[in-house]
Amino acid sequence: MASTFFGLSISYKGLQAAQTSITTTAHNLSNINTDGYTKQSVLLQASDALRTYSTYGTIGSGVNVVEIKQTRDSYYDEKYRNNCANYGQYEAKNNYMTQVEDYLNEFLLSGFSKEYGNFFDAVNQLTITPADTSAKNQLINNAKSLTDYFNTLSTNLRNVQVDANNEIKDAVQQINSLAQNISSLNKQINQIQANYGNANDLKDQRNALIDDLSQIVNITVSESDMGNNLTNLQITINGNSLVDGYNYHTLQTVARENPRNVSDAAGLYDIQWENGQEFYIY
């Protein structure tokens, strides 16, 4: 039989549930501009009914807060990260193609077409007046100008290649740093969840890092249940493990001893895993 204060107990539990919902809403509003934050919602469930041994059998005992969960869909996470990978790829291509385009801008610069035209105009003039010294000097000057153009263009394109090479090294270092931080967050999240705590904010940090990682390299993310409220998050690149729970693997850059093309800058990087396994960048 319910006690005299049973109704007050139900009211108290209801007020607690309402307070938790209000607090969660306030938390959502205060983080509306927080990068990577995921909206949270309170999951309520009716408390176990109390048996009364009466004709109506049982009587309700109020409400319980079961969980504060994130409003997040793994399907859209995957779609978003795939698009982030495409965005990062084409952003890098656009950056370097813009630089190359600037060096080959025939509309604003004295480019190949003008240098080529000036050179062959001087050749034609010399064929008309082969004894003219000024025509000979003009041809020499135009030939020198044309070779200077090619030398300058070659230097500029090699500088673009060197910049891209340095960016590859920076990207590898960033991948390694993100992998380390994600594995660290995996451990922190499981430590909290093992005690049935709420690690939603840490999950937001982890998801933000995974989103950043997806802009650098095409990744596959999976999370499996290990029981006791623990999960194992794995990140792979081309089928090779980058993060596996609390462990992570690193990439490294190795300068090529033999260039693929004779015009390549010296010391272009190839990428490989820490164990020496080749990383297929393409």
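The second largest pocket has a volume of about 840 Å³. A pocket here is an open set of points on a 1 Å grid over the protein atoms alone, where a 1.4 Å probe fits, with protein on both sides within 12 Å along at least five of seven lines; lining residues have an atom within 4 Å of a point. The volume is the space filled by probe spheres set on the points.

The model is predicted, and totals for linings use all residues, whereas local features need pLDDT of at least 70. Residues are numbered from 1 along each chain.

Around the second largest pocket, 30 residues form the lining, with Gln 70, Arg 72, Lys 203, Arg 206 and Glu 223 nearest the centre. At least two lining residues each come from S4, H2, H5, strand S5 (220-227) and strand S6 (230-237). Helices (H or I, at least four residues) and strands (E, at least two) are DSSP runs.

The largest pocket holds about 1800 Å³ of space. Its 46 lining residues include Ala 92, Ile 168, Ile 271, Ile 281 and Tyr 282, which lie nearest the centre. Helix H2 (74-103), helix H4 (133-194), helix H5 (200-216), strand S9 (251-255) and strand S10 (269-273) give two or more residues to this lining.

Terms used. Predicted model: local features only at pLDDT ≥ 70, side-chain atom pairs only at ≥ 80, totals over all residues. Heavy atoms only, no water.
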